[in-house]
Amino acid sequence: MSAVAAAPASGRRLSRGARLGLLLGPGFICVVLPFVAAMALLGAYSLNLRDTTGAGLGLSVWSQFLGDPFNWRVIWSSVQLAALSTVITILIAYPTAAALLRVRNRFYLVVAYVALFSPLLVSVISRSYGWLLLLSDTGFVNQTFGLFGLGPYRMVFNETGVIIALVHVLLPYAVLPILNIMTQVPPVYREAALDLGASSWTVFRQVTLPLTLPGVIVAAEIIFALSISAFVTPSLLGGGRVLTLSRMLYDNIGLIEWGMAAVQAIVLLTTALAVLFVLERVNRATHAAKQD
């Protein structure tokens, strides 16, 4: 009797594939489908398929973009700006995460997290404008330098101000993955290395850094993807003198140059994915080396 009653209940159970589909379905509909549709539309515009002038299918827009040396300089400038922002952010985020890991007082820890994540609570325009005031020739930073007989230094309308502002807002995105991987490293590894006579620098170089490198690479991937696509901060603090691919893309949208804007959007995405692919390969190689 119990076996008969259990049969319908087991029959009503969903298969593993059906459960997986129900779990992934909403995310697939909200994220994957719009992305695929957007990329298809960009591809159509870049190939003149949406051109109402009757030009027809062709690579004229692509040849126009790729044949201009100025566009290649802008691409390199965008990659360089994103790479510098990523490196500086990681160099600040790593010791920050290590310091947070050592805070034992709950009150101080909450204060540290609030200070760290406060940039995310402020509008990007307000934050960029605030940095514009702080870094201007007569701003707080240059006034402070003036007390020591230094400056004024030109820190706005150039890459310096853009990088400072980007590092400020992107720092939390780097601290989190690094802090997460640090919490997974058993403290006994460091203690054992110290007991064996290794110096603090040797312990960091041969124990701590290799074990936390996956978190550093993940942080670098996040920061690079966000910084290479940043628009408001380079536009305001760059003052039109710091050219990025995202700024050119925005300008072409304003000029209703849909084909060129589509090409630039695809190039921007491809450039970011290429760098992320390289970083992911490094991450896998690091993981394989640890397995060996």
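Me: In which hand does α4 pass α8, left-handed or right-handed?

Reply: The crossing of α4 with α8 is right-handed; a crossing has that name if the near helix is turned clockwise from the far one by less than a right angle, and is left-handed if anticlockwise. The model is predicted, with local features needing pLDDT of at least 70, side-chain atom pairs counting only at pLDDT 80 or more, and totals for chains, interfaces and linings using all residues. Residues are numbered from 1 along each chain as its sequence is written, and side-chain values use heavy atoms, with hydrogens and water left out.

Me: What makes α4 oblique to α8?

Reply: The two axes come within 6 Å and cross at roughly 45°. α4 is therefore oblique to α8, since angles under 35 degrees count as roughly parallel, over 145 as roughly antiparallel, 65 to 115 as roughly perpendicular and the rest as oblique.

Me: Why is F157 called partly exposed?

Reply: Its relative accessibility is 32%, and partly exposed lies between buried (under 20% relative accessible area) and exposed (over 50%), with a 1.4 Å probe and protein chains only. F157 therefore counts as partly exposed. This residue is in the loop between α7 (140-147) and α8, and its phi is near 60°, a positive value.

Me: How do you know that I256 is exposed?

Reply: I256 has a relative accessible area of 56%, so this residue is exposed. I256 is found in the loop between α12 (245-254) and α13 (258-291), with a positive phi of about 60° although not a glycine. Most residues other than glycine have a negative phi.

Conventions: Axes fitted to C-alpha atoms, helices over the stretch in contact; angles between N-to-C directions. Helix = DSSP H or I, 4+ residues; strand = E, 2+ residues; numbered from the N terminus.
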